[in-house]
Amino acid sequence: MKLAPQSVPYRALQKVSGIVVVLFFVVNNNPEWGLAPAAAVAGAVVLAAFAYEVAYYRRFDYELTEDTLDISSGVISRREREIPYRRIQNVDVSRSVIQRAIGVAAVDLETAGGSSTEGSIRFVVPDEATRLQREVQRRKSTGSDTKTDGESADRPGSEASGRTDAGPGAVGPDEEELFAISPGELALVGALSFDGRLIGLLAFLSSGSVPVLSSFIPDASAVALTATAIVGVGGLFLVSWVLGAGIAFSNYYGFRLSRAGDELRYERGLFRRYSGSIPTEKVQALRIADNPAKRALGYASLSIETAGYAPGQGGDQGSQAAVPIASTDRVYRLAREVESFGEPSFHRPPKRIRWRYAFRYALVVGAFVAVAYGVNWYFGAGAPWYAPVALLLAVPPAAHLKWKHRGYWLGDDHLLTRNGFWSRTVTVVPYYRIQNVIDTRTVFQRRWDVATIVADTAGSSSIAGNDAAAVDFATDEAVDLRETLRERLRASVAEHRDRRDRFEWFAGDAEGAGDDGEPAGEGDEPVPDTAGSAPDGDELIPDADDEASSEGDDERRSDVPDDGVIRPDFSGSGRDYSEPAERIDTGEYAVDRNPSDMGGDGRNEDDEGGTDSVDDETDDVGGEANDVDDASDDER
């Protein structure tokens, strides 16, 4: 299938827009060049980009096969990719304002464990993007039984092409809306958002410019300078708050979360519209976050960590964002829709650890005082540099709050951890999703006889070091927690694997199995036994051999263990199978001194047919081996 035709000029303008801007500034700074040469160069660049995009459009093709999504692309260097459906983590569809105006959408394919987009389709019509998103998810869940429907849907001229639904067997599960953000909640998201990137940028730019900026400071009293600095910092925080509110509003405008079968689907965005899915089978952890303002109003946020890359965003704003804001009770109800965990009762670290936090905060206050003294000495402003000492009054309550909002809880199937006061996060991790249990103890923790237990998962936050962690617990309790987590991890993984791979044993070994080894189903018609059948009206008279074989079959069938697994019996042989077999070189071949078919062959004593001859042959082979042995001894 091909891309949308209107994507050709759009992609061409995307490529040349930067070059055109550069040419504009070059002509502006060099008037002698004139407008005509600049316009000619810009036109040539545009034509070259347009020709390249036409070739790219003609050579780009994608196809939904039975097991893979195949993408062929490239003008000069061809690239062909086959992405198995089972590896596809998410199919993200995004549309900016301009893309919505011209009627195209971008499709990004993310795979588990990938650090970037595995495949991109730029650009297709919105209906085709939605159909592709739903079709990939449907084929992931239904497997190869959709081949017939998929082939008809893949043909551009077919009726199924361009549809989002292809009948009852291809539509997939119905969507159940779980959450839709209201205008009040959207306004609250903006009001409680803060973007500190502007402050960080200004701090970075001014970090090496103190001597330069000092020359622009007017001669004024220390009080006036201090008041100006306070107003400037307040204005900077106000601008950062407005910026954060605008970003949050544009990101979560029209947010909607729904469940369709085994996946969660979301839509969001004002200027750039995102839609995608979160497979519940790929969920690594849930994170319930709040801050003092949200806790005071009774609100929280929910994010879902999956294994893989979050497209289009970073941090907590990618496909992992499940609920931007809702009442705390509602957030916990939605979290239990994904992972059913109980009501947590957190265990806090020992109370003595509050002294450690107080000491650390006191050191931070001392650093502030030292910086204030250095700035006052350098500028000679005569400002009250000792003012930050007043922050020592806030050290005891800050240490207590840090201790109070830390803890862990062990549920039947989940580990819950809680950390942070200004940005508190409750992390929910199923035991079978834990990759590793890590016991860490810094030099300072060892002095306080405490440790931190980290439950490492495959979520994207694990890369940034934001795993579920029980921080600053007594060493004995930390060791017990570590061993408990490891035991529950093993048990949970075994149970999860057993539940996933459970199958049924059929009585009578392979009875009822067809030629291909598959057991006969209930709907299969019985096949008449033509070999032993007799004409109508005649009775089948079993002979003695048939009776003997049937009796032997009954006896052998009675020896089958209850679990259906027949294991070899080596009790009749005196050979030590943990050691390699002793071999004798006869020039052309090697003879095993202890052949594995000696004794313990499991045959019935009543089954005399061929048994004696086999035993005789075995004795002969053993005698030959002994003769060869004696000959070898004589030669030595």
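Predicted model: local features only at pLDDT ≥ 70, side-chain atom pairs only at ≥ 80, totals over all residues.
Which side chain does the side chain of Ser258 make a polar contact with?

Let's start with the whole chain. The protein has 636 residues, and 34% of them count as buried. Its secondary structure comes to 17 helices and 21 strands. If we take the contacts in the protein with a separation of 6 or more, 60% of them are between residues 24 or more positions apart. The accessible surface comes to about 37700 Å², and carbon and sulfur atoms account for 55% of that.

Now back to our opening question. The partner is Glu175: its side chain and the side chain of Ser258 make a polar contact at 3.0 Å. You can find Ser258 in strand E8, which covers residues 256–260. Is Ser258 buried or exposed? Its relative accessibility is 0%, so Ser258 counts as buried; the cut-off for buried is under 20%. Setting aside neighbours within four places in sequence, Ser258 is in contact with several residues, including Glu176, Glu177, Leu178 and Arg265.

Let's look at Val323 for a moment. Not counting residues up to four places away in sequence, Val323 touches Phe179, Phe255, Leu257, Ser301, Leu302 and Leu334.

With a relative accessible area of 49%, Tyr378 is partly exposed.

Now for Arg100, which is found in helix H3, residues 97–102. Which residue's backbone oxygen does the side chain of Arg100 reach? That would be Leu270, at 2.8 Å. Arg100 and Arg272 are 172 residues apart along the chain, yet their C-alpha atoms are separated by 8.9 Å. Beyond its neighbours within four places in sequence, Arg100 is in contact with Arg95, Leu270, Phe271, Arg272 and Arg273. Arg100 itself counts as partly exposed, at 31% relative accessibility.

Finally, some backbone details. A cis peptide bond joins Arg122 and Phe123, with omega at about 5 degrees. Phe123 is part of strand E6, residues 119–124. Then we have two aspartates. Asp449 is not a glycine, but it has a positive phi of about 60 degrees. Asp472 has a positive phi too, near 60 degrees, and is likewise a residue other than glycine.

Where do these two sit? Asp449 is in the loop between helix H14 (443–448) and strand E18 (450–456), while Asp472 is in strand E19, residues 468–474. Asp449 counts as partly exposed at 44% relative accessibility, whereas Asp472 counts as buried at 1%.

Definitions and conventions
Residues numbered from 1 in each chain as written. Heavy atoms only, no water. Buried < 20%, exposed > 50% of the residue type's maximum accessible area, 1.4 Å probe, protein only. Helix = DSSP H or I, 4+ residues; strand = E, 2+ residues; numbered from the N terminus. Contact = heavy atoms within 4.5 Å. Areas by Shrake-Rupley, 256 points an atom, 1.4 Å probe, with all protein chains shown as cover. Polar contact = N/O pair within 3.5 Å; in protein donor to acceptor, adjacent residues only side chain to side chain.
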